[in-house]
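Let's work through some exercises together, one step at a time. Keep the picture open while you read, and try each task before you look at its solution.

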Amino acid sequence: MSANPSSAARDAASGTSESSSLDPRDLSALRAQGHRMLDDMFDHLQGLGDGPVWRPAPDEARERFRAPLPIGPTDLGEAHATFLRDVLPYGGGNAHPGFMGWVQGAGTAVGMLAEMLAAGLNANLGGRDHMPIAVERQVLAWVRELFGFPDTATGLFQTGASQANFVAVLVARTKALGVDVRRQGLAAAGADKLVGYASREAHGCVPRAMDMAGIGSDRLRMIAVDADHRMDLAALKVTIAQDRAAGLTPFLVVGSAGTVNTGAIDPLDALADIAAAESMTFHVDGALGALAMMSPELAPRFRGIERCDSLAFDFHKWSHVPYDAGFILVRDGALHRDTFAADAAYLTRASRGMAGGDWWPTDYGPDLSRGFRALKTWFTLKTYGVATLGAAMARNCALARALAARVEAEPELELLAPVGLNIVCFGYRGDPSGALNAQIVADLQEGGVVAPSVTLLDGRPVIRACLLNHRTQAGDIDRLVDATLALGRKARRTDRSDVSA
Ligand SMILES: *Cc1c(COP(=O)(O)O)cnc(C)c1O
(Lines give C-alpha, C1' and ligand atoms only; values in the text may rest on other atoms or scores of the structure.)
Protein backbone atom coordinates (compact mmCIF):
# COMPACT_ATOMS: atom_id res chain seq x y z
CA MET A 1 0.00 0.00 0.00
CA SER A 2 1.31 3.42 -0.91
CA ALA A 3 0.78 6.53 1.18
CA ASN A 4 1.08 8.71 -1.89
CA PRO A 5 -2.36 9.42 -3.37
CA SER A 6 -1.22 9.49 -6.99
CA SER A 7 0.66 6.21 -6.73
CA ALA A 8 -2.39 4.74 -4.90
CA ALA A 9 -4.44 5.60 -7.96
CA ARG A 10 -1.76 3.95 -10.09
CA ASP A 11 -1.85 0.84 -7.89
CA ALA A 12 -5.63 0.68 -8.17
CA ALA A 13 -5.44 1.02 -11.92
CA SER A 14 -2.69 -1.55 -12.32
CA GLY A 15 -5.14 -4.38 -11.72
CA THR A 16 -6.90 -3.27 -14.86
CA SER A 17 -4.97 -3.45 -18.08
CA GLU A 18 -5.74 -1.02 -20.86
CA SER A 19 -7.38 -3.74 -22.94
CA SER A 20 -9.97 -4.67 -20.33
CA SER A 21 -11.19 -1.13 -19.56
CA LEU A 22 -14.72 -0.55 -20.84
CA ASP A 23 -13.59 1.97 -23.43
CA PRO A 24 -10.00 1.52 -24.61
CA ARG A 25 -8.38 4.88 -25.30
CA ASP A 26 -7.70 3.77 -28.84
CA LEU A 27 -10.91 2.64 -30.53
CA SER A 28 -9.28 1.65 -33.82
CA ALA A 29 -9.60 -2.12 -33.31
CA LEU A 30 -13.25 -1.74 -32.32
CA ARG A 31 -13.82 0.57 -35.26
CA ALA A 32 -12.54 -2.08 -37.70
CA GLN A 33 -14.67 -4.76 -36.04
CA GLY A 34 -17.65 -2.38 -36.13
CA HIS A 35 -17.29 -1.89 -39.88
CA ARG A 36 -17.37 -5.67 -40.32
CA MET A 37 -20.46 -5.94 -38.14
CA LEU A 38 -22.25 -3.24 -40.10
CA ASP A 39 -21.27 -4.86 -43.40
CA ASP A 40 -22.63 -8.17 -42.19
CA MET A 41 -25.96 -6.57 -41.34
CA PHE A 42 -26.16 -4.93 -44.75
CA ASP A 43 -25.45 -8.32 -46.32
CA HIS A 44 -28.20 -9.78 -44.18
CA LEU A 45 -30.72 -7.15 -45.28
CA GLN A 46 -29.64 -7.42 -48.91
CA GLY A 47 -30.21 -11.17 -48.91
CA LEU A 48 -33.40 -11.25 -46.85
CA GLY A 49 -35.47 -13.09 -49.44
CA ASP A 50 -32.79 -15.73 -50.12
CA GLY A 51 -33.21 -17.80 -46.98
CA PRO A 52 -36.37 -19.17 -45.42
CA VAL A 53 -38.79 -16.86 -43.61
CA TRP A 54 -38.19 -18.83 -40.44
CA ARG A 55 -36.47 -21.97 -39.29
CA PRO A 56 -36.34 -23.44 -35.81
CA ALA A 57 -33.06 -22.84 -33.99
CA PRO A 58 -30.97 -26.01 -33.64
CA ASP A 59 -30.26 -27.44 -30.22
CA GLU A 60 -26.54 -26.54 -30.45
CA ALA A 61 -27.42 -22.86 -30.84
CA ARG A 62 -29.83 -22.95 -27.91
CA GLU A 63 -27.24 -24.82 -25.87
CA ARG A 64 -24.65 -22.07 -26.41
CA PHE A 65 -27.14 -19.65 -24.86
CA ARG A 66 -27.34 -21.66 -21.67
CA ALA A 67 -23.79 -20.75 -20.69
CA PRO A 68 -22.76 -19.69 -17.19
CA LEU A 69 -22.25 -16.02 -16.27
CA PRO A 70 -19.05 -14.85 -18.03
CA ILE A 71 -16.58 -13.65 -15.40
CA GLY A 72 -13.70 -12.83 -17.75
CA PRO A 73 -13.77 -11.08 -21.13
CA THR A 74 -14.44 -12.56 -24.57
CA ASP A 75 -13.11 -11.05 -27.76
CA LEU A 76 -15.79 -8.98 -29.52
CA GLY A 77 -15.07 -10.74 -32.82
CA GLU A 78 -15.72 -14.09 -31.17
CA ALA A 79 -18.97 -12.90 -29.60
CA HIS A 80 -20.03 -11.51 -32.96
CA ALA A 81 -19.26 -14.83 -34.65
CA THR A 82 -21.60 -16.48 -32.13
CA PHE A 83 -24.29 -13.95 -33.03
CA LEU A 84 -23.82 -14.61 -36.77
CA ARG A 85 -23.95 -18.37 -36.31
CA ASP A 86 -26.54 -18.82 -33.56
CA VAL A 87 -28.85 -15.79 -33.58
CA LEU A 88 -29.06 -14.03 -36.93
CA PRO A 89 -30.30 -17.01 -38.99
CA TYR A 90 -32.98 -17.85 -36.42
CA GLY A 91 -34.91 -14.61 -36.04
CA GLY A 92 -38.68 -14.24 -35.93
CA GLY A 93 -38.87 -13.80 -39.70
CA ASN A 94 -40.77 -10.50 -39.75
CA ALA A 95 -38.23 -8.75 -41.98
CA HIS A 96 -38.58 -11.41 -44.70
CA PRO A 97 -40.74 -10.62 -47.78
CA GLY A 98 -42.70 -13.84 -47.27
CA PHE A 99 -43.71 -12.94 -43.71
CA MET A 100 -47.48 -12.42 -43.40
CA GLY A 101 -47.99 -13.52 -39.83
CA TRP A 102 -49.41 -11.48 -36.98
CA VAL A 103 -48.97 -7.68 -37.16
CA GLN A 104 -45.26 -6.99 -37.25
CA GLY A 105 -43.18 -4.31 -38.88
CA ALA A 106 -40.39 -5.28 -41.25
CA GLY A 107 -37.77 -2.68 -40.31
CA THR A 108 -35.52 -0.74 -42.67
CA ALA A 109 -31.78 -0.18 -43.10
CA VAL A 110 -32.36 3.47 -42.23
CA GLY A 111 -33.92 2.46 -38.94
CA MET A 112 -30.99 0.18 -38.21
CA LEU A 113 -28.49 2.98 -38.75
CA ALA A 114 -30.50 5.39 -36.62
CA GLU A 115 -30.61 2.85 -33.79
CA MET A 116 -26.83 2.73 -33.93
CA LEU A 117 -26.56 6.52 -33.72
CA ALA A 118 -28.99 6.60 -30.81
CA ALA A 119 -27.00 3.94 -28.97
CA GLY A 120 -23.81 5.87 -29.60
CA LEU A 121 -25.34 8.96 -28.07
CA ASN A 122 -26.91 6.93 -25.25
CA ALA A 123 -29.40 9.66 -24.44
CA ASN A 124 -31.86 9.29 -21.57
CA LEU A 125 -35.15 10.91 -22.49
CA GLY A 126 -36.82 11.05 -19.09
CA GLY A 127 -36.30 14.80 -19.05
CA ARG A 128 -33.75 17.59 -18.63
CA ASP A 129 -32.50 20.04 -21.22
CA HIS A 130 -30.91 18.39 -24.23
CA MET A 131 -31.51 18.22 -27.94
CA PRO A 132 -32.81 14.61 -28.04
CA ILE A 133 -35.87 15.88 -26.11
CA ALA A 134 -36.42 18.42 -28.89
CA VAL A 135 -36.33 15.56 -31.42
CA GLU A 136 -39.08 13.74 -29.52
CA ARG A 137 -41.10 16.96 -29.43
CA GLN A 138 -40.61 17.32 -33.18
CA VAL A 139 -42.10 13.87 -33.70
CA LEU A 140 -44.95 14.79 -31.34
CA ALA A 141 -45.64 17.91 -33.41
CA TRP A 142 -45.67 15.82 -36.60
CA VAL A 143 -48.06 13.33 -34.99
CA ARG A 144 -50.43 16.14 -33.97
CA GLU A 145 -50.37 17.41 -37.54
CA LEU A 146 -50.99 13.96 -39.03
CA PHE A 147 -54.02 13.33 -36.83
CA GLY A 148 -55.42 16.86 -36.76
CA PHE A 149 -54.83 17.37 -33.03
CA PRO A 150 -54.40 20.82 -31.43
CA ASP A 151 -51.04 22.23 -30.29
CA THR A 152 -52.10 21.67 -26.68
CA ALA A 153 -52.22 17.92 -27.19
CA THR A 154 -49.37 16.00 -25.61
CA GLY A 155 -47.87 12.65 -26.36
CA LEU A 156 -44.74 10.58 -26.15
CA PHE A 157 -43.11 7.34 -27.13
CA GLN A 158 -44.02 4.20 -25.27
CA THR A 159 -42.73 0.67 -25.70
CA GLY A 160 -45.79 -0.23 -27.73
CA ALA A 161 -49.53 0.16 -28.09
CA SER A 162 -50.11 -2.14 -25.11
CA GLN A 163 -48.40 0.40 -22.86
CA ALA A 164 -49.97 3.32 -24.77
CA ASN A 165 -53.47 1.87 -24.27
CA PHE A 166 -52.68 1.46 -20.57
CA VAL A 167 -51.63 5.11 -20.32
CA ALA A 168 -54.87 6.08 -22.08
CA VAL A 169 -56.99 4.12 -19.58
CA LEU A 170 -55.17 5.87 -16.72
CA VAL A 171 -55.79 9.28 -18.29
CA ALA A 172 -59.48 8.41 -18.74
CA ARG A 173 -59.60 7.25 -15.12
CA THR A 174 -58.18 10.58 -13.94
CA LYS A 175 -60.75 12.40 -16.03
CA ALA A 176 -63.60 10.36 -14.57
CA LEU A 177 -62.52 10.40 -10.91
CA GLY A 178 -60.23 13.42 -10.56
CA VAL A 179 -56.56 13.44 -9.59
CA ASP A 180 -57.37 12.15 -6.09
CA VAL A 181 -57.62 8.68 -7.57
CA ARG A 182 -53.84 8.72 -7.84
CA ARG A 183 -53.55 8.77 -4.06
CA GLN A 184 -56.73 6.98 -3.10
CA GLY A 185 -56.65 4.22 -5.69
CA LEU A 186 -59.54 1.83 -5.48
CA ALA A 187 -60.87 3.69 -2.41
CA ALA A 188 -61.56 6.81 -4.51
CA ALA A 189 -65.22 7.75 -4.67
CA GLY A 190 -66.79 6.16 -7.73
CA ALA A 191 -63.80 3.95 -8.54
CA ASP A 192 -65.89 0.83 -8.17
CA LYS A 193 -68.52 2.12 -10.61
CA LEU A 194 -66.39 2.66 -13.73
CA VAL A 195 -67.23 0.70 -16.83
CA GLY A 196 -65.71 0.83 -20.32
CA TYR A 197 -66.56 -0.52 -23.76
CA ALA A 198 -64.68 -2.05 -26.67
CA SER A 199 -65.68 -4.43 -29.40
CA ARG A 200 -65.31 -8.17 -29.05
CA GLU A 201 -62.56 -7.89 -31.66
CA ALA A 202 -60.50 -5.39 -29.63
CA HIS A 203 -56.92 -6.38 -28.84
CA GLY A 204 -56.28 -8.31 -25.63
CA CYS A 205 -54.15 -5.50 -24.24
CA VAL A 206 -57.29 -3.36 -23.81
CA PRO A 207 -58.89 -5.57 -21.15
CA ARG A 208 -55.40 -5.98 -19.67
CA ALA A 209 -55.09 -2.19 -19.44
CA MET A 210 -58.33 -2.12 -17.45
CA ASP A 211 -56.91 -4.85 -15.24
CA MET A 212 -53.62 -3.01 -14.68
CA ALA A 213 -55.45 0.25 -13.97
CA GLY A 214 -57.23 -1.48 -11.08
CA ILE A 215 -60.64 -1.14 -12.71
CA GLY A 216 -60.75 -4.80 -13.66
CA SER A 217 -61.10 -6.45 -17.04
CA ASP A 218 -64.65 -7.54 -16.18
CA ARG A 219 -65.51 -3.86 -16.35
CA LEU A 220 -64.70 -3.75 -20.04
CA ARG A 221 -67.83 -4.71 -21.89
CA MET A 222 -66.91 -6.61 -25.03
CA ILE A 223 -69.54 -5.41 -27.50
CA ALA A 224 -70.77 -7.58 -30.38
CA VAL A 225 -69.63 -6.83 -33.93
CA ASP A 226 -71.53 -6.57 -37.21
CA ALA A 227 -70.94 -8.66 -40.33
CA ASP A 228 -67.91 -6.49 -41.13
CA HIS A 229 -66.41 -7.16 -37.67
CA ARG A 230 -67.00 -3.54 -36.62
CA MET A 231 -68.47 -2.61 -33.27
CA ASP A 232 -72.27 -2.93 -33.30
CA LEU A 233 -73.46 0.54 -32.30
CA ALA A 234 -76.96 -0.55 -31.32
CA ALA A 235 -75.52 -3.18 -28.99
CA LEU A 236 -73.17 -0.57 -27.53
CA LYS A 237 -76.04 1.82 -26.77
CA VAL A 238 -78.14 -0.92 -25.16
CA THR A 239 -75.23 -2.01 -22.96
CA ILE A 240 -74.49 1.56 -21.87
CA ALA A 241 -78.16 2.07 -20.94
CA GLN A 242 -78.18 -1.17 -18.93
CA ASP A 243 -75.03 -0.15 -17.09
CA ARG A 244 -76.47 3.28 -16.27
CA ALA A 245 -79.66 1.65 -15.02
CA ALA A 246 -77.51 -0.54 -12.77
CA GLY A 247 -75.89 2.54 -11.24
CA LEU A 248 -72.55 2.17 -13.03
CA THR A 249 -70.53 4.99 -14.63
CA PRO A 250 -69.66 4.52 -18.32
CA PHE A 251 -66.34 6.38 -18.65
CA LEU A 252 -64.52 5.03 -21.69
CA VAL A 253 -65.17 3.69 -25.15
CA VAL A 254 -62.28 2.22 -27.12
CA GLY A 255 -62.55 2.10 -30.90
CA SER A 256 -60.20 -0.01 -32.99
CA ALA A 257 -58.58 1.58 -36.03
CA GLY A 258 -57.77 -1.76 -37.57
CA THR A 259 -58.53 -4.87 -35.53
CA VAL A 260 -55.81 -7.43 -35.18
CA ASN A 261 -57.97 -10.28 -36.53
CA THR A 262 -59.43 -8.84 -39.72
CA GLY A 263 -58.25 -5.23 -39.98
CA ALA A 264 -61.79 -3.95 -39.37
CA ILE A 265 -62.10 -0.26 -38.55
CA ASP A 266 -64.80 0.58 -36.02
CA PRO A 267 -67.23 3.38 -36.97
CA LEU A 268 -65.02 6.00 -35.33
CA ASP A 269 -67.12 9.04 -36.17
CA ALA A 270 -70.23 7.46 -34.65
CA LEU A 271 -68.26 6.36 -31.59
CA ALA A 272 -67.13 9.97 -31.12
CA ASP A 273 -70.80 11.04 -31.14
CA ILE A 274 -71.79 8.39 -28.61
CA ALA A 275 -68.84 9.20 -26.35
CA ALA A 276 -69.76 12.91 -26.44
CA ALA A 277 -73.44 12.21 -25.69
CA GLU A 278 -72.50 9.94 -22.77
CA SER A 279 -69.63 12.12 -21.47
CA MET A 280 -67.19 9.28 -21.94
CA THR A 281 -63.56 9.40 -23.01
CA PHE A 282 -63.17 8.25 -26.60
CA HIS A 283 -59.91 6.39 -27.04
CA VAL A 284 -58.72 4.80 -30.28
CA ASP A 285 -56.41 1.79 -30.44
CA GLY A 286 -54.68 2.52 -33.73
CA ALA A 287 -51.77 0.12 -33.20
CA LEU A 288 -52.29 -1.53 -36.53
CA GLY A 289 -53.94 1.04 -38.76
CA ALA A 290 -53.75 4.62 -37.51
CA LEU A 291 -50.57 5.48 -39.40
CA ALA A 292 -52.39 4.68 -42.65
CA MET A 293 -53.45 8.33 -42.26
CA MET A 294 -50.17 8.88 -44.11
CA SER A 295 -51.87 7.59 -47.25
CA PRO A 296 -54.39 9.93 -48.91
CA GLU A 297 -56.01 6.81 -50.38
CA LEU A 298 -56.49 5.08 -47.02
CA ALA A 299 -57.08 8.08 -44.73
CA PRO A 300 -60.83 8.48 -45.50
CA ARG A 301 -61.48 5.03 -43.99
CA PHE A 302 -60.49 6.43 -40.59
CA ARG A 303 -62.98 9.29 -40.55
CA GLY A 304 -63.58 10.36 -36.96
CA ILE A 305 -60.11 9.43 -35.72
CA GLU A 306 -59.34 13.15 -35.48
CA ARG A 307 -62.10 13.45 -32.85
CA CYS A 308 -60.73 10.98 -30.32
CA ASP A 309 -59.52 12.06 -26.87
CA SER A 310 -56.50 9.81 -27.06
CA LEU A 311 -54.85 7.63 -29.64
CA ALA A 312 -52.43 4.71 -29.24
CA PHE A 313 -50.39 3.56 -32.21
CA ASP A 314 -47.15 1.89 -33.17
CA PHE A 315 -44.42 3.26 -35.38
CA HIS A 316 -42.88 -0.22 -35.22
CA LYS A 317 -45.73 -1.77 -37.18
CA TRP A 318 -46.85 -0.21 -40.46
CA SER A 319 -44.17 2.48 -40.63
CA HIS A 320 -41.38 -0.05 -39.99
CA VAL A 321 -39.41 1.85 -37.38
CA PRO A 322 -37.31 -0.84 -35.63
CA TYR A 323 -38.76 -2.22 -32.42
CA ASP A 324 -39.85 -0.73 -30.22
CA ALA A 325 -41.63 2.54 -30.95
CA GLY A 326 -45.18 2.83 -29.66
CA PHE A 327 -46.82 6.21 -29.13
CA ILE A 328 -49.64 7.76 -27.08
CA LEU A 329 -51.28 11.02 -28.11
CA VAL A 330 -53.62 12.78 -25.66
CA ARG A 331 -55.84 15.70 -26.66
CA ASP A 332 -56.05 17.26 -23.19
CA GLY A 333 -52.39 17.84 -22.36
CA ALA A 334 -53.11 19.19 -18.86
CA LEU A 335 -55.12 16.09 -17.97
CA HIS A 336 -52.35 13.91 -19.36
CA ARG A 337 -49.79 15.68 -17.17
CA ASP A 338 -52.06 15.54 -14.11
CA THR A 339 -52.23 11.77 -14.53
CA PHE A 340 -48.47 11.23 -14.18
CA ALA A 341 -46.53 14.29 -12.97
CA ALA A 342 -45.05 13.98 -9.50
CA ASP A 343 -42.55 15.89 -7.40
CA ALA A 344 -39.30 14.26 -6.47
CA ALA A 345 -36.31 16.02 -4.96
CA TYR A 346 -33.86 14.41 -7.35
CA LEU A 347 -35.95 15.53 -10.31
CA THR A 348 -36.17 19.18 -9.32
CA ARG A 349 -36.46 21.45 -12.33
CA ALA A 350 -34.11 24.36 -12.73
CA SER A 351 -34.59 27.52 -14.73
CA ARG A 352 -31.09 27.10 -16.16
CA GLY A 353 -28.45 24.43 -16.57
CA MET A 354 -28.93 20.78 -17.41
CA ALA A 355 -32.00 20.37 -15.19
CA GLY A 356 -33.87 22.92 -17.29
CA GLY A 357 -36.31 22.28 -20.07
CA ASP A 358 -40.04 22.87 -19.85
CA TRP A 359 -41.15 19.46 -21.13
CA TRP A 360 -40.07 16.34 -19.30
CA PRO A 361 -41.49 13.11 -20.73
CA THR A 362 -41.50 11.49 -17.30
CA ASP A 363 -44.43 13.82 -16.47
CA TYR A 364 -46.54 12.05 -19.09
CA GLY A 365 -46.03 8.34 -18.54
CA PRO A 366 -44.87 5.65 -16.16
CA ASP A 367 -41.20 5.68 -17.20
CA LEU A 368 -38.33 7.78 -15.91
CA SER A 369 -35.37 6.50 -17.90
CA ARG A 370 -36.34 6.28 -21.54
CA GLY A 371 -34.41 5.51 -24.72
CA PHE A 372 -34.15 7.67 -27.82
CA ARG A 373 -36.96 6.01 -29.81
CA ALA A 374 -37.59 9.40 -31.35
CA LEU A 375 -34.36 9.35 -33.36
CA LYS A 376 -35.09 6.22 -35.43
CA THR A 377 -38.60 7.54 -35.96
CA TRP A 378 -37.36 10.99 -36.96
CA PHE A 379 -34.92 9.43 -39.44
CA THR A 380 -37.63 7.19 -40.87
CA LEU A 381 -40.16 10.01 -41.38
CA LYS A 382 -37.52 12.46 -42.56
CA THR A 383 -35.70 10.27 -45.06
CA TYR A 384 -38.69 8.49 -46.59
CA GLY A 385 -41.31 11.17 -46.17
CA VAL A 386 -44.88 10.48 -45.17
CA ALA A 387 -46.06 10.08 -48.78
CA THR A 388 -43.63 7.22 -49.43
CA LEU A 389 -44.54 5.43 -46.22
CA GLY A 390 -48.25 5.89 -46.95
CA ALA A 391 -47.82 4.59 -50.50
CA ALA A 392 -46.19 1.42 -49.16
CA MET A 393 -49.25 0.91 -46.91
CA ALA A 394 -51.61 1.45 -49.84
CA ARG A 395 -49.59 -1.14 -51.81
CA ASN A 396 -50.07 -3.63 -48.96
CA CYS A 397 -53.82 -3.03 -49.13
CA ALA A 398 -53.79 -3.56 -52.91
CA LEU A 399 -51.95 -6.86 -52.34
CA ALA A 400 -54.61 -7.81 -49.78
CA ARG A 401 -57.35 -7.12 -52.35
CA ALA A 402 -55.45 -9.16 -54.95
CA LEU A 403 -55.12 -12.04 -52.51
CA ALA A 404 -58.83 -11.85 -51.66
CA ALA A 405 -59.68 -11.90 -55.38
CA ARG A 406 -57.52 -14.97 -55.97
CA VAL A 407 -59.07 -16.73 -52.97
CA GLU A 408 -62.55 -16.01 -54.33
CA ALA A 409 -61.54 -17.28 -57.75
CA GLU A 410 -60.31 -20.62 -56.37
CA PRO A 411 -63.19 -23.07 -55.82
CA GLU A 412 -61.24 -24.88 -53.10
CA LEU A 413 -60.72 -21.72 -51.01
CA GLU A 414 -63.14 -19.45 -49.19
CA LEU A 415 -62.78 -15.85 -48.09
CA LEU A 416 -63.86 -15.67 -44.44
CA ALA A 417 -63.94 -11.94 -43.63
CA PRO A 418 -64.31 -8.74 -45.62
CA VAL A 419 -61.00 -7.14 -46.53
CA GLY A 420 -61.20 -3.57 -45.27
CA LEU A 421 -57.49 -2.93 -44.95
CA ASN A 422 -54.46 -5.24 -45.22
CA ILE A 423 -55.61 -8.49 -43.61
CA VAL A 424 -57.08 -11.47 -45.46
CA CYS A 425 -58.74 -14.31 -43.55
CA PHE A 426 -59.42 -17.38 -45.64
CA GLY A 427 -59.58 -21.12 -45.47
CA TYR A 428 -59.59 -24.37 -47.34
CA ARG A 429 -63.19 -25.35 -48.02
CA GLY A 430 -64.89 -28.19 -46.21
CA ASP A 431 -62.88 -27.79 -43.02
CA PRO A 432 -65.57 -27.11 -40.40
CA SER A 433 -63.23 -27.66 -37.44
CA GLY A 434 -60.46 -25.51 -38.91
CA ALA A 435 -57.94 -28.27 -38.21
CA LEU A 436 -56.82 -28.36 -41.84
CA ASN A 437 -56.32 -24.57 -41.88
CA ALA A 438 -54.13 -24.80 -38.80
CA GLN A 439 -52.17 -27.67 -40.35
CA ILE A 440 -51.66 -25.75 -43.60
CA VAL A 441 -50.34 -22.72 -41.71
CA ALA A 442 -47.93 -24.83 -39.65
CA ASP A 443 -46.69 -26.53 -42.84
CA LEU A 444 -46.27 -23.16 -44.57
CA GLN A 445 -44.33 -21.72 -41.63
CA GLU A 446 -42.03 -24.71 -41.50
CA GLY A 447 -41.66 -24.67 -45.29
CA GLY A 448 -40.23 -21.16 -44.99
CA VAL A 449 -41.44 -19.69 -48.31
CA VAL A 450 -44.45 -17.71 -47.06
CA ALA A 451 -45.61 -17.50 -43.48
CA PRO A 452 -49.19 -16.50 -42.60
CA SER A 453 -50.55 -17.12 -39.10
CA VAL A 454 -53.69 -18.63 -37.65
CA THR A 455 -56.46 -16.69 -36.02
CA LEU A 456 -59.85 -17.75 -34.71
CA LEU A 457 -63.03 -16.46 -36.34
CA ASP A 458 -66.10 -17.52 -34.36
CA GLY A 459 -63.83 -19.92 -32.52
CA ARG A 460 -62.61 -21.65 -35.70
CA PRO A 461 -58.98 -21.58 -36.89
CA VAL A 462 -58.56 -19.76 -40.20
CA ILE A 463 -55.57 -18.79 -42.31
CA ARG A 464 -54.73 -15.14 -41.77
CA ALA A 465 -52.40 -13.19 -44.02
CA CYS A 466 -51.47 -9.74 -42.71
CA LEU A 467 -49.83 -7.80 -45.53
CA LEU A 468 -47.81 -5.26 -43.64
CA ASN A 469 -44.33 -5.88 -44.97
CA HIS A 470 -43.03 -3.32 -47.48
CA ARG A 471 -40.89 -6.05 -49.06
CA THR A 472 -43.82 -8.35 -49.91
CA GLN A 473 -44.63 -8.56 -53.64
CA ALA A 474 -47.37 -10.00 -55.84
CA GLY A 475 -45.24 -13.13 -56.34
CA ASP A 476 -45.41 -13.82 -52.60
CA ILE A 477 -49.22 -13.72 -52.79
CA ASP A 478 -49.19 -16.25 -55.62
CA ARG A 479 -46.81 -18.46 -53.69
CA LEU A 480 -49.15 -18.31 -50.69
CA VAL A 481 -52.20 -19.37 -52.70
CA ASP A 482 -50.35 -22.03 -54.70
CA ALA A 483 -48.79 -23.57 -51.60
CA THR A 484 -52.11 -23.50 -49.71
CA LEU A 485 -53.84 -25.30 -52.57
CA ALA A 486 -51.08 -27.89 -52.82
CA LEU A 487 -51.09 -28.56 -49.06
CA GLY A 488 -54.88 -28.73 -48.93
CA ARG A 489 -55.05 -31.19 -51.83
CA LYS A 490 -52.33 -33.33 -50.36
CA ALA A 491 -54.10 -33.48 -47.00
CA ARG A 492 -57.36 -34.42 -48.70
CA ARG A 493 -55.65 -37.22 -50.66
CA THR A 494 -54.12 -38.53 -47.45
CA ASP A 495 -57.53 -38.33 -45.73
CA ARG A 496 -59.13 -40.35 -48.49
CA SER A 497 -56.41 -42.98 -48.43
CA ASP A 498 -56.86 -43.15 -44.62
CA VAL A 499 -60.57 -43.75 -45.09
CA SER A 500 -60.09 -46.38 -47.78
CA ALA A 501 -57.36 -48.17 -45.82
C1 LIG B 1 -50.14 -4.97 -31.97
C2 LIG B 1 -51.41 -4.46 -31.46
C3 LIG B 1 -51.54 -4.03 -30.13
C4 LIG B 1 -50.42 -4.16 -29.13
O5 LIG B 1 -49.37 -3.33 -29.49
P6 LIG B 1 -47.88 -3.63 -29.00
O7 LIG B 1 -47.09 -2.61 -29.72
O8 LIG B 1 -47.58 -5.03 -29.47
O9 LIG B 1 -47.85 -3.51 -27.54
C10 LIG B 1 -52.74 -3.48 -29.74
N11 LIG B 1 -53.77 -3.37 -30.59
C12 LIG B 1 -53.70 -3.79 -31.88
C13 LIG B 1 -54.88 -3.62 -32.77
C14 LIG B 1 -52.52 -4.35 -32.35
O15 LIG B 1 -52.43 -4.75 -33.62
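Two strands pair if DSSP finds at least two bridges between them. Helices (H or I, at least four residues) and strands (E, at least two) are DSSP runs, numbered from the N terminus. The model is a predicted one, in which local features need pLDDT of at least 70 and side-chain atom pairs count only at pLDDT 80 or more, while totals for chains, interfaces and linings use all residues. Residues are numbered from 1 along each chain as its sequence is written, and side-chain values use heavy atoms, with hydrogens and water left out.

**Exercise 1. Find the order of the seven strands in the open sheet with mixed pairing, and name its edge strands.**

Solution. Step 1: read across the sheet, and you get the order β2-β8-β7-β6-β5-β3-β4.
Step 1: look at the two ends. β2 (154–158) and β4 (220–223) are the edge strands, since each pairs on one side only.

**Exercise 2. Is strand β3 (residues 194–199) mostly covered or mostly open, and which strands does it pair with?**

Solution. Buried means under 20% relative accessible area, exposed over 50%, and partly exposed in between (1.4 Å probe, protein chains only).
Step 1: count. Six of the six residues of β3 are buried, so the strand is mostly covered.
Step 2: sort the residues by face. In a regular strand the side chains alternate between the two faces of the sheet. On one side of β3 you find Leu-194, Gly-196 and Ala-198, and on the other Val-195, Tyr-197 and Ser-199, all of them buried.
Step 3: follow the bridges. β3 runs parallel to β5, with five bridges joining them, and Val-195 has Pro-250 in β5 as its bridge partner. β3 also runs parallel to β4, here with four bridges, and Tyr-197 stands opposite Arg-221 in β4.
Step 4: Ser-256 has Asp-285 in β6 as its bridge partner.

**Exercise 3. Is Thr-239 buried or exposed, and what does Thr-239 touch?**

Solution. Step 1: locate Thr-239 in helix α10 (residues 233–245).
Step 1: compare its relative accessible area, 17%, with the cut-off; Thr-239 is buried.
Step 2: list its contacts. Leaving aside neighbours within four places in sequence, Thr-239 is in contact with Tyr-197, Arg-221 and Ile-223.

**Exercise 4. Which residues are around the ligand, and how much of the ligand's accessible area does the protein cover?**

Step 1: pick out polar contacts (pairs of N or O atoms within 3.5 Å). A side-chain N or O atom of Ser-162 is 2.6 Å from an oxygen atom of the ligand. A backbone N or O atom of Ala-161 lies 3.0 Å from a ligand oxygen atom, and a polar side-chain atom of His-316 lies 3.0 Å from an oxygen atom of the ligand.
Step 2: turn to the area. On its own the ligand has 380 Å² of accessible area, and the protein covers 85% of it. Such areas come from the Shrake-Rupley method with a 1.4 Å probe.

**Exercise 5. Why does one side of β1 (99–100) and of β9 (413–415) have no neighbour in the sheet?**

Solution. Step 1: write down the order of this open, five-stranded sheet with mixed pairing: β1-β11-β12-β10-β9.
Step 1: β1 and β9 stand at the edges with a single partner strand each, so one side of each is left without a neighbour in the sheet.

Conventions:
Contact = heavy atoms within 4.5 Å. Polar contact = N/O pair within 3.5 Å; in protein donor to acceptor, adjacent residues only side chain to side chain.
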